[in-house]
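Subject: Structure for you, plus a few notes

Hi,

Here's the structure I said I'd pass along. Have a look at it first, and then read on for what turned up.

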Amino acid sequence: MKKTLLDTVVAPHPYACIFGSTSVDQFKQTILHHLMSFQGRDPQRAGNRDVYKALAYALRDVLVEKWITTQKNVYAKKKKRVYYLSLEFLVGRSLGNSLINMGLMNEVTEALEQLGYDLETIRDIEEDAGLGNGGLGRLAACFMDSIATMQIPAYGYGIRYEYGLFYQKLVDGFQVETPDNWLRYGTPWEFERASFVYPVHFYGRVNSYQDDDGNYREEWVDTEDVMAMACDTLVPGFNNDHVINLRLWTARSSRELDLSSFNIGDYVKAVQSKVKSETISKVLYPSDDIREGQELRLKQQYFFVAATFSDIFRRYTKKNKTFDSFYDEVAVQLNDTHPAIAIPELMRLLMDQEGLGWEKAWDISTKTFAYTNHTLMPEALETWSVDMMGRLLPRHLEIIYEINRRFLAKVATLYPGNTRKLREMSIISEGEVKRIRMAHLAIIGSYSVNGVAALHTQLLKTRIFKDFHELYPGKFNSKTNGITPRRWLLKSNPGLAALIGSEIGYDWVTDLDQLRKIEKKAGNASFQKKWRQVKYENKKRLASLIKEECGIDVNLDSMFDIQVKRIHEYKRQLLNILHVIILYQRIIKEGAGKFTPRTVIFAGKAAPSYFKAKLIIKLISSVADVVNNDPRVGDVLKVVFLSNYNVSLAEKIIPAADLSEQISTAGTEASGTGNMKFALNGALTIGTLDGANIEIREEVGDENIFIFGLTAEEAAYEKLHKSRTPYQIYFANKVISEAIDSIRSGVFSRGDTDLFSSIADSLLDENDPYLLLLDLESYLECQEKISRAFCDTKHWARKSILNVARMGKFSSDRTIKEYAREIWGIEVD
């Protein structure tokens, strides 16, 4: 008979566990207290979800005490504060990460066992927080973990989306989007701060007037207002008492009910204002292929920026009467261009609200902001129409135009007669529809602009923003991305973490360079055997999930060849599935016996309006249907697409990988962090010389990574000069032509020759920007080399161990130390 909580606990003071060491009995007592007093649940009838919430509340009690102490210490020492502004924070689940960072995993595991519950089952109850989409949001979450661990006085600011991007289902191989209602059961991790509510203004007009001192001033009037309420989630550092908060804003109406409309029976109109206002924080990334979606996205960006600066000003003016020391006490990091509207917002506040002149306000502003660029794709650089900006944020448009006027005057003085520079460097793009280039605004208004990998930063300087680098030669710098080893090794791969810890201890958790100590074990047969066993157990767990989710049995001795990331043409999932098709066709012709067994695993979401990416998902699913059901193939080749990829799924997939596919077109990926996660978990990388792959190669050594394809310089040359066309490759290489013909002829679409014809056409397009066929032959050769290498288990294990041992550089702790010292002006230990 299952124990109940009342069978095992007699509860004294419910908060006895907050201070000092926390015993198993104290945790049981606190869980009981929260179960009854917070949730009103009878412990004898409590289910897993009830216990999950009670446990989360118990941990939150500990966190909030430490957070209060942290805040008091920051105020007492008058430390400079960092404000990290990001439209995404892809935090995943909080329970496991909190237990690890707080050092309470063993106590809680035992407490739950004594109560008749299993921690893993309880952890699976938690929904992934739907606060991000891909690498941008996951990087921000890793940074919050490292900031807390490095004990830096900082805050994260974003939006508390009620719905995440979407919940992905595959129906007949097609992606179908359904709402990601991650908050349907609420979340026990946040505090709603009803005392921190700020008005955010939209629309209206600008009124000019003369103040009492005879100065001409501007005021923004006749606005529509939305209220922003703060919701705080606490983020603990690892094994310290430093706790920071992630403050996310949720939209509330300034008018809950229009009583006059209600009293005459117009009930819809009575709540219309409330519904319209609260739409702002409803969903992550509304569709931007319609005008209403574009306007909502701009509203979201300004909404969280305006609320954040109201909060920053509240905090700053507690101790300061002037803004002379603002930039000495405040550093604002813009995570991509989404928060760049903060630059004119700070100018508006300083001039219109605080009465400062332009020169003083601009001096403060340009010493406050730092901007991180995350893209090399010109089409991905964010712009907004002047018309939309003027309608939604009329005062900000005025300020942007004045910033631009003064900036262009400077450019004209430095480069007289150079109209090209004036045209290309202007914040305003003077096309058929005038548009505001937010990246230009961010560069001009910031004291630091950083790329996120060495190659990325070099390409920013020499290609994307060459003119700006010439104008501001010291402004651009590189901060290679990193990942937190707490979540991406200690938590997600406990078997490997324990094996490493048994050999070298656990100092690597906060000093990842310590992993170098296992290099000496790379050739040790006994250690290799243990290493391979850990990988085998991880593969077994993933195979069980694949069976449960997809109904596919996979060969545990096969190479787990994995590509999991956002579905996009530049990430080239299409290159991967072409290799699968070619491998399948060879198996049919030559027999399965001569091939190295592979299980090729895909996961990732395509943007709802991105037709080509969604068609690639359908192609992968269709190829999987054919390959997995062909008896001639057996278990030598399996293809799997795991739906609804998120952080929790990544934690199950990544530790099981043998091979990590990082195959973007060179010169398109800013950095990537998936490549780091896989390598840290012992997967070998097949990749192009793109993003952080270059630096991974430098660290792990040429012999421990598989590189193929064009370099960024060669790719740029081919796009211009086309030394070989896709058709030339198609006619010269029968293996490639047969693969493309099979896609076109309906082999993978039940005879439907139209379904994938656009994919076949794009592969042969001489203007293919992603150069798929130009890299395909090199990719196929590299895969052959990998198949041979995988069969030598000792050498493969050695390479795997060395990859892990040499990943120290890619800790987000190192990245954050560089931001702190070189951008924010904060010293860390």
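One cut-off before the details: a residue is called buried when its relative accessible area is under 20%, exposed when over 50%, and partly exposed in between. Asn-644 has a relative accessible area of 11%, so it counts as buried. Keep in mind that the model is predicted.

Staying with Asn-644: this residue sits in the loop that runs between strand E19 (637-642) and helix H25 (647-653). Most residues other than glycine have a negative phi.

Tyr-203 is another one to look at. Its phi is near 60 degrees, again positive and again not in a glycine. You'll find Tyr-203 in the loop between strand E5 (190-202) and strand E6 (205-210). Is Tyr-203 buried or exposed? With a relative accessible area of 15%, Tyr-203 is buried.

Then there's Ser-146, which belongs to helix H7 (residues 135-149). Its relative accessibility is 0%, so Ser-146 is buried as well. Which residues does Ser-146 touch, leaving aside its neighbours within four places in sequence? The contacts are with Arg-486, Ser-812, Asp-813 and Ile-816. There's also Gly-237: it is 91 residues from Ser-146 along the chain, yet their C-alpha atoms are separated by 7.2 Å.

That's the lot from me.

Cheers

Terms used:
Residues are numbered from 1 along each chain as its sequence is written. This is a predicted model: local features need pLDDT of at least 70, side-chain atom pairs count only at pLDDT 80 or more; totals for chains, interfaces and linings use all residues. Side-chain values use heavy atoms; hydrogens and water are left out. Helices (H or I, at least four residues) and strands (E, at least two) are DSSP runs, numbered from the N terminus. Buried means under 20% relative accessible area, exposed over 50%, partly exposed in between (1.4 Å probe, protein chains only). Contact means heavy atoms within 4.5 Å.
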